[in-house]
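Q: Could you walk me through this one slowly? I'm still new to reading structures.

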Amino acid sequence: MLRSLPRATTALALGVAAVVVTAVPSAAAPVQNWRDVSPPDSDGSVLFDIETTRGATWAVGVHSDESTRPSAPVALRWTAKGWQAPPQPADHGRLDDLAAGAPDEVWAVGYRHEPVGESDWDRGRALLQHWDGTRWSEVHPPFPAQATNTYLSAVDVDAAGSVWVFGSFTDADGEYTSALFRGDADGEGDLTRLSGDTGLNWVAELKATRGGIVYAVGDGISRFDGTTWTKQNLPATLDTAMFDGIETRTANEIWAVGHQRDDTLWRRPVVVRYDGRAWSTVAAPAETGQLFDIAFDGLGRPVVVGETMDPEVNPAGNYVLTTGPDGSLTRSEEPPGAGFLYAAATDAAGRVWTAGGAAGAEGGVSPSAYAGIRR
C-alpha cells in the first residue's frame, strides 16, 4: 500500500567501513537516458524478470483482472517490431524468474493455478517451462511422488549450458522442504534433484557460475559447491537483510542487492559485494527504498533497480541507483513511465533493460506492465 513515510533526518550506519551516501537533493534534475518500451495493452499485468542473450530479450510476469481467474502467466519476447507473446503451456498461474542461455534455450519458473472445485482455485503445482526457439513446453522437475504445494522460485543457466532450478514442496509428512534441480540446457535431458539445504528460509534468485558453483539469495546468501551449501558470512549489521538480486562480474566480484527493515525508513536499500575473500557493504542512500535486481552497463558500472514507498523519494515509485562521480551509489535516474522496478539485465550492446510495473500504482498495485532500455 502506497503511503508517505518520513525521510530519515540523520544518516544510518550501513555496515563496517561503509561510507554513507547522502540522497540526491529533490531539486536535482534526474538523468533521463531511458526509453520506455512497455508492452501495449498490458493493463493488469506486471513483469517480474527480464533477461537478454545474443540478441534475444524476454520478460515474464503475471496478468490478473476480471477476465483471468485467478491469474495468467506472461512471457513476452522482444522483436524488432516490439513485444510478442507466444502461446504457453499454462493458462493460469504466474512466472517469477527467467534465465536465457541462448535464443533457443530460455527457461521460466513459477507455479500454475489449478481448480479444486467449480469456483475455487488452489495454488496448484510448480511450473517450469522451456523455450526451444520455436515454442514453449513444460518440463517436470522430479519432485517426490507424494509432494504437494510444489513451487519454483529461481532459475539460472551457467556458462556450460546447464540449467539450475530452485524450488520447494511439502513432503508426505507435511514438512516444508527445499530442492535444487540441475539439467542439460537443451530441455530434453532429465533434471536431477540435488540438496536444497541452503540454510536460508527462502530463495529469491540463483546465480550459477563456472565450475558448478551456485549462489542463492533470500534471507541471506548461500553458496553451493556441487555437494554442500554454505551460508555466507555477512557484516553483522545486516542480520535482518533480505536479498532479491545477485550478479557476478567475475568469480571474485559478486554483488547482491535487497533491503533491511528499518524503524524509521520502513525499508532501506542494501548492497553487498564479494571480493574473493569476504562480503562487505556498499554504501547506499539512507532513505526508503527496496532493491530487487542489479545489472552492469557496457562500462562495467552497476545499475540497481527497485521501488520506494515514499513519495518524497519518488512519487512514481521507481528507485534506481547508479555510481556517482566519487564511485558511490546514488539515486540520479528515473526511467520515464516507470513505477516499481523488479528486474534488470544487460544486452550485448551494453544497454541495460529493466522491467516491472508502470507508474500510477494504487494500493501498491501497478496499472500495467513496464519495460525500459537505458541508452
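A: Let's begin with strand 23 (residues 302–307), where six of the six residues are buried, so this strand is largely enclosed by the rest of the structure. Buried means under 20% relative accessible area, with over 50% called exposed and partly exposed in between, using a 1.4 Å probe and protein chains only. Strands are DSSP runs of E with at least two residues, numbered from the N terminus.

Q: Before we go on, what sort of model is this?

A: This is a predicted model, in which local features need pLDDT of at least 70 and side-chain atom pairs count only at pLDDT 80 or more, while totals for chains, interfaces and linings use all residues. Residues are numbered from 1 along each chain as its sequence is written, and side-chain values use heavy atoms, leaving out hydrogens and water.

Q: OK, back to strand 23: which residues cover each of its faces?

A: Pro302, Val304 and Gly306 lie on one side and Val303, Val305 and Glu307 on the other, and all of them are buried.

Q: And how many bridges join strand 22 to strand 23?

A: Six bridges join strand 22 (residues 290–296) to strand 23, and the two run antiparallel; strands count as paired if DSSP finds at least two bridges between them. Isoleucine 294 has valine 304 in strand 23 as its bridge partner. The two strands form a hairpin with five residues between them, and in the turn glycine 300 has a positive phi of about 80 degrees. Strand 23 also pairs with strand 24 (residues 318–323), in the antiparallel sense, over five bridges.

Q: New topic: how many aromatic pairs are there?

A: The structure holds 17 aromatic pairs, where rings of Phe, Tyr and Trp (its six-membered ring) pair if their centres lie within 6.5 Å, and planes under 30 degrees apart count as stacked, over 60 as edge-to-face and the rest as tilted. One of them joins phenylalanine 143 and phenylalanine 169, with ring centres 5.7 Å apart and planes at 75 degrees, so the pair is edge-to-face.

Q: Is phenylalanine 169 buried or exposed?

A: Phenylalanine 169 is buried, with a relative accessible area of 2%, and phenylalanine 143 is buried too, at 16%.

Key:
Helices (H or I, at least four residues) and strands (E, at least two) are DSSP runs, numbered from the N terminus.
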